[in-house]
Amino acid sequence: MELVYTGKTKDVFALENGNYLLKFKDDCTGKDGVFDPGENSVGLTIEGVGDVNLRMSIYFFEKINAAGIKTHFVKANLDDTTMEVLPAKVFGKGLEVICRHKAVGSFYRRYKDHVEEGADLPAYVEMTFKNDELGDPLVTEDGLVVLGIMTHEQYEAIKKQTQQITQIVADELLKRNLVLYDIKFEFGYDKDGDVMLIDEIASGNMRVYKNGQYIDPMTLSQLFFAE
């Protein structure tokens, strides 16, 4: 295996069969020793977090693939905390896709003159550039097309798949009396230009509440897999 990228929470290796291997780590983003998925640097190491992030990713990727939605997931090995994935190109220099069921977080801060906090949203999809220095700026569909980052058809495919995947995640959480407020995804595309879900689906990428109370990512992982 050839190491091709060292990330904050995962390392990426090239495999001889043309696929890639993601190695999940116990490093977490945070600040001053406190776990915070919104931070942009590694702040602490929590034993077992790589394992539980991989377990949740496997759980959801298998359900999403079974629903006929294309992802980069091939298989995983819990013994060495790795996941084999298909090759995919990212859009531009990296794009985050957010689906919102409730008006909270940055959405509420931007639009609080027009909406009540916690109001229901109709699986609202928005996209932001992954750029820490610029604060992950929002970008419109027309902006993405004008900048040559994706086509209108790719945008519509991502939007539709994001809403479908979000509903799958929300339904599974609801079975555990957990309510999904919003979730963040990453998409890429294959050699034919077809979009696919990439990266991971872990508790640190979603905002979840129980009985009106926010559930932090580590507690969420424990609740999700509790017998």
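Modeller: Throughout our talk, a residue is buried when its relative accessible area is under 20%, exposed when that area is over 50%, and partly exposed in between, with a 1.4 Å probe and protein chains only. The model is predicted, with local features needing pLDDT of at least 70 and side-chain atom pairs counting only at pLDDT 80 or more, while totals for chains, interfaces and linings use all residues. Residues are numbered from 1 along each chain as its sequence is written, and side-chain values use heavy atoms, with hydrogens and water left out.

Colleague: How many helices and strands does the chain have, and what makes it as compact as a globular protein of its length?

Modeller: There are 5 helices and 16 strands in the chain, where helices (H or I, at least four residues) and strands (E, at least two) are DSSP runs numbered from the N terminus. The radius of gyration, taken over C-alpha atoms, is set against a globule rule of 2.2 Å times the number of residues to the power 0.38. For 227 residues that rule gives 17 Å, and the chain's own value of 17 Å is close to it, so the chain is as compact as a globular protein of that length. Along the principal axes, the C-alpha atoms fill a box of roughly 55 × 45 × 35 Å, and 44% of the 227 residues count as buried.

Colleague: Why do strand 1 and strand 7 stand at the edges of their sheet?

Modeller: The sheet is open, with 5 strands in the order 1-2-3-8-7 and antiparallel pairing. Strand 1 (2-6) and strand 7 (73-77) each have a single partner strand, so one side of each is left without a neighbour in the sheet. From one strand to the next, the twist averages 25 degrees.

Colleague: Why is R100 called buried, and what joins its side chain to that of S106?

Modeller: R100 has 4% relative accessibility, which is under the limit, so it counts as buried. It belongs to strand 10 (residues 95-102), where 8 of the 8 residues are buried, so that strand is largely enclosed by the rest of the structure. The R100 and S106 side chains are joined by a polar contact of 2.9 Å, a polar contact being a pair of N or O atoms within 3.5 Å; within protein, one must be able to donate a hydrogen and the other to accept it, and residues adjacent in sequence count only if both atoms are side-chain atoms. A further polar contact, at 3.3 Å, runs from the side chain of R100 to that of D182, and D182 is also the bridge partner of R100 in strand 13.

Colleague: Which strands are joined to strand 10?

Modeller: Strand 11 (residues 120-129) pairs with strand 10 over 7 bridges in the antiparallel sense, with I98 opposite E126. Strand 13 (residues 179-189) is joined to strand 10 by 4 bridges and also runs antiparallel.

Colleague: Why does H101 count as buried?

Modeller: H101, likewise in strand 10, has 18% relative accessibility, which is under the limit, so it counts as buried. Leaving aside neighbours within four places in sequence, H101 is in contact (heavy atoms within 4.5 Å) with residues including T166 and A170. T166 and A170 are among the buried residues of helix 4.

Technical notes: Pairing = 2+ DSSP bridges. Axes fitted to C-alpha atoms, helices over the stretch in contact; angles between N-to-C directions.
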